[in-house]
Each structure stands twice: as structure tokens, then as C-alpha cells.
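I opened my notebook to look up a few strands, a helix and some ring contacts, and I wanted to write down the rule behind each term as I went.

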Amino acid sequence: MLIINYLNITCYNSRKSIDGVNDLNRKEYLQLDAVEIASLIKKKEVSAKEVVTAAIEQMEEANPALNAVIHERKDRALAELDHLASYDLPFYGVPMLLKDLSQNLEGEPSTSASRLLTKNIAKHDDNFVKKLRDAGFSFLGRTNSPEFGLKNITEPEVYGPTRNPWNTAHSPGGSSGGAAAAVASGMVPVAGASDGGGSIRIPASFTGLFGLKPTRGRTPIGPGYGRSWQGAAVHFVLSRTVRDSAALLDLLQVVQPEAAFQTPLFTEGYQNVLAKPLSKPLKIAYTTKSPVGTPVSEEAEKAVRKLVKWLEGEGHIVEEQEPAIDGIRLMNNYYIMNSGEMNATIRQLEKSLGRTLTADDMEIESWLLHVAGQSVTAAEYSESLAEWDLAAEQMAYFHRTYDFFITPATAFPAPKVGELTHTKERQMELRYQIKEASKDEQIQIIYDMFLPSLTYTPFTQLANLTGQPAISVPIHITADGLPLGVQVMTQNGDEHRLLQLAAQIEQTDLWIGMKQNPYFQ
């Protein structure tokens, strides 16, 4: 961060407009992170309106090719700057986008990328959004996601695919794919994201961003519900810099008495510990083996070895070791949860719409999970969650020996757009198969349906089921010019250690940042 801050300040202070007041253009805006923008506005070296205008210009330039933003509120955002102006707010005037999935903003569409909800308007701010609004962020719109956040790509039928800023033939991943594409193309410095199976870390890996999944219970949830996907899913952001994620975690960390899960506040402050060195030597485990037996690319292995070599050079003890967890069994339990949750979602929609929904009302993944969920008993659902708790216990013991656990963030770089979307013929086959299958066969059909996608991203789900914090750090670019991240996990509640590690990596040549991203050249 010291390097980028120096560049930002030098670039910005080296120019003045005719009237002697600093003037911000899009090229300069692209060099700034959220913390720097907030600082410049507070010091009145640039106005909030200038910043938001530059963000809107970048969004208008980039979004037609990327389809990252599916609902814009540009005029409202500009009007709110005058109405809500307050230099006391920590992020007054900093532009931001929200994910079109559970991050409700009062009076704005909230569709979950489902054609069943295209006319749905949020009746109130979610607690997560309220925290951001109260901090002064300027919301420019909502970003694309897969229907109900069920996939690791962002290609909903209702809005069409989002494309990767590094190469538009490829996907930015999902489910926070629109958020990733927006940040990686410079529209905004940070964007709202969520992670229920890797949905922050996967797009971070595919687009060269920094992605942190916080500890279960760390960030706001509700109102109206106290858990999301039984605690597997958490809300946070995607960013280009470590300090932005640290600053947002300082802002968003909370203990909610009404929530199902709570994590004690980190009172030292995440930004305050970024410069503190980690103790040496740390004992660190790593693996490049897929937990579900699927292949892992040489590029992903190369990325992990790159980080391992650097850690060893820093004096840490690094061993090739993995926890004794049955990955396939764990994924089946994950899909049982997905099935039950999707069935519950469809039941609620049927009540509100006053009719029975059919396969034609939703995408194939939603339909198959809904059908399979109809057969899951309460006992089976409870047993499935108990498997999560067992995995959490195993990982807690694992971290008594190892400070960090390193894997590829994704097993391959980003897939091509359309590569993981089922053909119409395949969708019809799956509809028939799920209808005729027994209960056990249905879960296998679900597993097989997601297997091509899981092959790309088999490493991230573990942290969701155990509740642990995990990051994806951007440290590798493939021979084809696509970014690829490395995942680091640690013990519950220890996000500060992940942020400290990431901040150290950010100061080295390992960190790829946006150097080869065409939007930043």
C-alpha cells in the first residue's frame, strides 16, 4: 500500500485546474482505492461529486462490454450527495455498488437474478446496507449475480452473462461476478459481495482482486432472518487493496444479539494491525490436491508453490499437509443444505405469488435443488449440519498445529463464458432424471450437475461450512494472461492475521494487482 499511496498522492497533487482547485479525471480516479478517496474528500482536495461523476463515467465506459451492473441509480446517487453531505462520515462520497442478492436498498429493485422477482422492490435497507449507507458510501447501482447465487459463474437467463475485464471471452466467476467485474474494471474501488461457497474468493481469483470471506457471524445479517444458508453465507466486499478490506471490516464488524451467530469484536482495529509483522516462524500447511479428487491445473500448482517459496524465504516452516476431511462427503452435505434452502425459498415464493411454481419458472439448478429438497427429511438435514460441525472441530484441531492452511483459490483460471452453462438439451435431460430418481439418486444427480463447476472451484466450500475466515490473494498470471489467486485459511476469528499476511504480500512483486488488466493500462 505504501507504493500505491505514494503514486496516488504524487499523481493527484501534481496537477491543478485553472481556478487552483484540484480536479479529478477518470485516469486519476482509477489509481485510487476507497481509503484514499475518503481521505481526499475529507481534506477537500476533491469533491464527492467529482469522484462520483468519475465513477459514473467509468461505469458508462466499461459496463456495456462487461454487463456487471444490471440496475443503475446514477442520478439518485448524485442527488444524495447534496442531501446527505457530511464530511464527518468515514466514507462520505466514496462510490460503491451492491450485489443484487440479499443486499437490499430501500426503494430499489432486489431480484436475485430471478425472473420471478424482476418487479420486486426492497421495502427497507438490509442491516449490511444500512451500515454502509450510514458510513457515507454512494450507491451507484446493483451488480449481476447468478439466479439465487447458486453458481460459481454469473450468467443468469434474465440479465445475461457478466464478462471478465481481463478477457471478455471469460467469466469473472460467481456468485459475486458482477461485483468483481465492476471493481476489476475500475467502476468502483469496492463492491458489495457475499460468500456462501466461495462467492467472494472465486471471482477474486478469476479477476485479480483481493477477496476476504470473514468469520461466520462477523458482519451484519437481517433484518427478518438470523442466518443465511445456515451460516455458510456471509456478506462482505471485494476490493483491489488489502487496506480497503481492512477498513470495511472495521466498519462492518458487529455483534448482533438477534443473529444466530456472533463473533467477538476485534478491538485493536484491522487497519491498525496491517503494518505489524507476523511472528516467526509460523508453521504453515499447504496442498494442491483437490479435496474431491478432481484435477488441478499446473498454473494453480505454480501459484501455490510461488507463495510457499516466498514464505520459506521469510523464515516460516511450510509443510505439504492437509486435514483428514472427506471432501466428497462434505460436498454432499453442502448440497443437502442447498436443496433444503432452495425448497424453502420456492415454498415462500409460491405463498407470496399464490400459485404453484414449475420448472419453467426458474433455471435448472434452482429447479433440481428444489425438487431434491422436497425429499430431504428433517433428520437428514440435521445430520448434514452435524457434519459441518465435525469438520469445524477437525479444522480447529488442525490449526493448533498450523497457523495457516494454503490451497489454490481456484483449480483453474476463469472458464469461458457459456462453458459451464448447461445446454437446453442437457437441461431437459436433468429435468426428467430428477423427476424419476429416488432420493439417493437425486443427491447424486445434484452432485453430477455441479461437478463441471466444482472442478474449477473445489477448495473454497470448506471455509463456508466450518465458518472460518479465508482469503484469495492475487499472485499469479497464467501464460494466457489470466489472473489466478491462492487461498489462505486460518482459525475462526483471526481475520487480522490473514490481513497482516496479505498486507505483507502486497508489498512484494508477488502481488499482481491490476498491472496487466487492460482497464488500468
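The entries below go from the strands and the helix to the aromatic rings.

I noted that this is a predicted model, in which local features need pLDDT of at least 70 and side-chain atom pairs count only at pLDDT 80 or more, while totals for chains, interfaces and linings use all residues. Residues are numbered from 1 along each chain as its sequence is written, and side-chain values use heavy atoms, with hydrogens and water left out.

I looked up strand β6 (residues 234-239) and found that six of its six residues are buried. Buried means under 20% relative accessible area, with a 1.4 Å probe and protein chains only, and strands are DSSP runs of E with at least two residues, whereas helices are runs of H or I with at least four, numbered from the N terminus.

I then checked the partners of β6, where two strands pair if DSSP finds at least two bridges between them. Strand β4 (residues 190-195) pairs with β6 in the antiparallel sense over six bridges, and glycine 192 stands opposite valine 237. Strand β5 (residues 210-213) is also antiparallel to β6, over two bridges, with glycine 211 opposite leucine 238.

I turned to helix α9 (residues 242-252), where ten of the eleven residues are buried, among them Arg243 and Asp244.

Last, I looked at charges over rings, which need NZ of Lys or CZ of Arg within 6 Å of the ring centre and within 35 degrees of the ring normal. The charged end of lysine 44 sits over the ring of tyrosine 87, 4.9 Å from its centre, and arginine 497 lies over the face of phenylalanine 404, at 5.4 Å from the ring centre.

Definitions and conventions: Buried means under 20% relative accessible area, exposed over 50%, partly exposed in between (1.4 Å probe, protein chains only).
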